[in-house]
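Dear colleague,

I am handing over the structure we spoke about, and below it I have set out what was found. Please read the notes with the coordinates open beside them.

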Amino acid sequence: MNNKIADFLSKEIPHEPIEKAFVNNLTYRLVKDEHNSTPSDYYHSLAYTLRDRLAKRWLETQKEHHKSDAKRVYYFSMEYLIGRLLKMNVDRLNLGDSVNELCNKLGINFDELEELENDPGLGNGGLGRLAACFMDSIAALELPCFGYGIRYDYGLFRQKFENGFQVEMPDRWLEDGYPWEIERPERYKVKFFGNTQRKIDKNGEEIISWINTKDAYAIPFDIPVPGFLKGTVNTLRLWSAKSDDDFRFQIFNNGDYVNAYTEKINDENITKILYPNDNIYAGRELRLKQEYFFTSASLQDILRRYKEDPQHKLENLPDKIVIQLNDPPPAISIPELIRLLVDEEGLLFDEAWAISKRTFAYTNHTLMPEALENWSEELLGKLLPRHLEIIYMINEKLMDDIRKKYGPDMDMMGRMSIIGENDHRVVKMAHLAVIGSFSVNGVSALHTELIKSQLLPDFYNLYPDRFNNKTNGITPRRWLYKCNTRLSHLITSNIGGEWLTDLTKLNKLTEHIDDSALHEGWQIVKHSNKKSFATYLENLHGIVINPNSLFDVQVKRMHEYKRQLLNVLHVIYQYLQIKNNPNIEVTPRTVLFSGKAAPGYQMAKLQIKLINAVSKVINSDPAMKDKLQVHFIPNYNVSLAEHIIPASDLSEQISTAGKEASGTGNMKFALNGALTIGTLDGANVEIMEEVGEENIFIFGLKAHEVIDLKKRLYNPQTYINQSVELQEVLSLLQNNFFCLDSIDLFKPIYNGLVYQDPFMIIADFQAYIDCQKRVSFEYTNKELWTRKSIINVAKSGKFSSDRTISEYNWDIWKVTPIEIKK
């Protein structure tokens with residue numbers, strides 16, 4: 001760049017007034033005026049206006065990070081549930097008053113504009129939402145960071161119900177354009193298939209080439225991630241796949257127009273959809289392609305940026321770069337970094353291995369075996385032949401470490417090997433992540449202990465210093481300030497606004513715990529939120545609910561271990577209690593479910609059908625009026641969560657103890673004043689420690705009791721024989737009471753409970769019923785319930801993602817914050 005251009009671009013150009021910027025975007029970017037503009041145009045114009053306000057800070061952030069030669073953290077995640085950004089960015093820029101004034105002048109309803117923003121479904125559940133919270137906190141703490149992931153053309157499917165069954169519809173989140181992203185000109189070649197070739201060079205060194213590959217190109221799309229009221233604007237870079245050849249020209253000339261585009265279509269399918277159905281071979285292949293595609297592009301981008309500074313030496317890479325792997329899927333980046341260092345940069349394997357294992361850190365998010373990800377050795381070798389060779393070499397390093405500490409212990413070597421050899425040979429990605437990382441963390445205190453003792457005990461014994469805990473957290477900027485403005489204002493009016501950047505300040509609420517005005521305001525806020533949600537639900541789905549009832553809510557991904565089935569058994573129990581005792585006094589209750597089942601997860605989908613069938617029976621029974629309602633709200637996403645969580649009274653966190661790694665939904669509900677009913681699982685344990693046993697409803701088997709019961713050959717029939725009430729509930733399932741038009745539809749659910757019950761639903765049923773009775777009784781005491789609600793919010797300070805990220809940085813990343821001028 002010549003000096004004149006540099007001088008011109010470096011001049012500070014003041015922002016034009018927001019009203020003028022809005023009109024200019026409407027006129028010159030969208031080419032619309034007062035005669036033909038629509039509400040969607042107003043949304044896009046406002047979003048572009050805000051993005052333009054971020055642009056200078058965004059550039060300044062990158063310039064300062066480069067100038068200071070900052071160490072950066074690179075966050076690798078297959079999922080990012082970032083939610084809507086319009087209101088978040090208004091808050092981050094502190095432009096609320098200006099935007100409200102603009103909307104008032106134009107006669108535009110800001111809330112209606114926000115509802116026009118598509119909610120990017122770039123994740124399946126808590127993993128993706130956590131990644132988004134982490135990116136928010138990293139920016140708020142002014143840490144240099146890039147997030148990397150995939151720009152799926154279609155997000156997680158849009159869910160609807162037909163005759164009570166889940167039906168998956170395309171999530172076209174990009175169909176109206178996405179104003180927050182910027183497509184970048186950089187592109188990186190990503191290779192697949194082919195074979196390796198070995199040659200000896202003139203110095204007698206072996207040179208390995210990966211040849212005959214089929215290639216795709218990765219195109220980056222950047223989304224700004226501003227820190228709350230800070231100058232820092234970090235980057236979330238999402239990759240989209242593009243073919244290396246638009247079409248085969250010769251094939252086209254020969255008249256085969258369809259096949260001329262076949263390769264282009266196959267390449268670009270890589271980023272077409274989130275989570276292909278991996279019950280079939282093609283789905284598994286595409287899933288592995290996605291994982292490698294985004295990690296390869298990201299690593300090439302990282303190395304390009306690192307090598308821009310001629311002072312940077314490859315052996316010092318870990319001094320400037322730390323890569324955090326969000327669960328096993330990005331673990332293929334470990335052999336990919338080694339491949340790039342060896343095959344592209346000319347390092348020896350041992351040199352590359354020494355660099356790599358000081359660069360990566362791994363977060364484990366699950367104790368469920370299916371989520372640890374094992375790839376067929378045959379599939380991985382076919383798709384990524386060079387990487388399988390490197391994995392064999394990494395595995396030999398692991399065997400060397402075992403031999404050094406334990407001698408030739410073949411049993412241990414077999415258990416710990418990256419290559420599993422049971423029914424068929426598989427590559428264990430969690431093992432690869434552990435051996436290839438300098439840090440391995442769990443996401444709650446209980447989860448981390450179970451990793452050490454149950455999931456990866458051999459690895460913990462071999463590498464004890466690598467293992468640590470980082471309890472998950474949530475960003476209060478979205479999960480209180482944005483989604484619950486009434487409660488935010490009430491809290492701030494009592495204790496000030498410091499809690500937005502230091503959530504532990506919420507503890508000041510305990511100083512007002514006996515303040516009757518606070519109690520009254522608290523109750524008004526909750527009831528207003530419930531009425532607002534009832535209106536929202538009726539307008540969106542035609543569902544009418546009673547805001548004077550207890551809102552009992554379970555919203556999360558559908559999975560057997562999360563035990564939505566236990567909840568619905570309790571609903572059936574309540575139904576029977578009312579039917580058998582028409583004059584019984586009950587606490588009016590509205591039970592709300594929401595969540596998606598993976599397309600290939602038939603049992604979870606059948607449970608959705610059961611919930612909808614139970615709902616149909618109960619909601620059409622006059623005897624249930626003003627006593628019990630049940631609804632399954634379709635298409636759960638971040639935006640629905642922002643509506644339902646502030647309105648909730650009771651948070652269902654009832655997973656089988658020892659199965660939930662942490663959970664973050666439990667934290668969101670507690671932060672918004674809902675009381676938790678749950679097992680001692682995941683972060684429930686730490687929530688109980690913070691709020692006190694008297695302010696949470698805990699029931700059921702503990703993690704060690706679940707393990708012991710299974711060892712004693714648990715038989716659910718033993719529990720069934722002891723409970724007449726449970727027998728009556730199960731009889732309705734057995735006798736097709738909820739599926740008279742489809743005999744034996746729910747037989748798999750009934751048989752699974754009675755003869756197997758792998759998630760201990762039957763064992764925990766009576767304890768759950770008893771605990772729910774206590775909930776109903778205590779809810780009738782409004783002063784007691786309000787007091788407990790206030791305490792839950794006051795004691796939620798620990799569960800800020802700011803605290804979590806500070807711990808990651810202090811113990812693992814060791815990145816220096818850099819202040820950027822606003």
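**Helix H24 and its two partners**

H24 and H25 are roughly parallel to each other, and the relation rests on an angle of roughly 20° between their axes, which come within 11 Å, where anything under 35 degrees is counted as roughly parallel. Please bear in mind throughout that this is a predicted model. H24 covers residues 564-580 and H25 covers residues 602-619, and the crossing between H24 and H25 is left-handed. On the side of H24 the contact is made by Gln564, Leu565, Val568, Val571, Ile572 and Tyr575, while H25 contributes Gln607, Leu610, Ile611, Val614, Val617 and Ile618. Sorted by class, this contact of H24 with H25 comprises 10 nonpolar and 2 polar residues, with no charged residues.

H24 also meets H31, a helix of residues 724-734, and here the axes come within 10 Å and cross at roughly 105°. That angle makes H24 roughly perpendicular to H31, since the range for this term is 65 to 115 degrees. The residues of H24 that take part are Leu569, Ile572, Tyr573, Leu576, Gln577 and Asn580, and they meet Glu725, Glu728, Val729, Leu732 and Leu733 of H31. By class, the contact of H24 with H31 has 7 nonpolar, 2 polar and 2 charged residues. Ile572 is listed in the contact with H25 and again in the contact with H31.

**Cysteines**

How many disulfides does the structure hold? The number is 0. For Cys133, the closest cysteine sulfur belongs to Cys483 and lies 11 Å away, which is too far for a bond, given that a disulfide requires the two sulfur atoms to be within 2.5 Å. Cys483 is likewise in no disulfide, the nearest cysteine sulfur being that of Cys133. Both residues are covered by the protein: Cys133 is buried, with a relative accessible area of 1%, and Cys483 is buried, with a relative accessible area of 14%.

**Buried residues in helices**

Arg477 lies in helix H21, which spans residues 476-482, and is buried, with a relative accessible area of 2%. When neighbours within four places in sequence are left aside, the contacts of Arg477 are Met88, Asp136, Ser137, Ala140, Phe228, Lys482, Leu500, Thr501 and Asp802. Arg477 also has Arg92 at a C-alpha to C-alpha distance of 8.7 Å, although 385 residues separate Arg477 and Arg92 in sequence.

Gln300 belongs to helix H11, residues 281-307, and is buried at a relative accessible area of 18%. With neighbours within four places in sequence again left aside, Gln300 is in contact with Tyr188, Lys189, Val190 and Leu340.

H13, which runs over residues 333-344, is mostly covered, as 10 of its 12 residues are buried. After H13 comes Gly346, whose phi is positive, near 85°.

Tyr48 is found in helix H3, residues 39-67, and counts as buried at 15% relative accessibility. Beyond its neighbours within four places in sequence, Tyr48 is in contact with Asn25, Arg29, Leu30 and Pro179. Tyr48 and Ala21 are 27 residues apart in sequence, and their C-alpha atoms are 8.9 Å apart in space.

**Positive phi in two loops**

Asn163, in the loop between strand E3 (158-162) and strand E4 (165-169), has a positive phi near 55°, and Asn163 is exposed, with a relative accessible area of 55%. Asp744, in the loop between H31 and helix H32 (747-756), has a positive phi of about 65° although it is not a glycine. Where Asn163 is exposed, Asp744 counts as partly exposed, at 39% relative accessibility.

With best regards

Methods. Residues are numbered from 1 along each chain as its sequence is written. This is a predicted model: local features need pLDDT of at least 70, side-chain atom pairs count only at pLDDT 80 or more; totals for chains, interfaces and linings use all residues. Side-chain values use heavy atoms; hydrogens and water are left out. Axes are lines fitted to C-alpha atoms, for helices over the stretch in contact, and angles run from 0 to 180 degrees between N-to-C directions. Helices (H or I, at least four residues) and strands (E, at least two) are DSSP runs, numbered from the N terminus. Angles under 35 degrees count as roughly parallel, over 145 as roughly antiparallel, 65 to 115 as roughly perpendicular and the rest as oblique. A crossing is left-handed if the near helix is turned anticlockwise from the far one by less than a right angle, and right-handed if clockwise. Contact means heavy atoms within 4.5 Å. Ala, Val, Leu, Ile, Met, Phe, Trp, Tyr, Cys and Pro count as nonpolar, Asp, Glu, Lys and Arg as charged, and the others, Gly among them, as polar. Buried means under 20% relative accessible area, exposed over 50%, partly exposed in between (1.4 Å probe, protein chains only).
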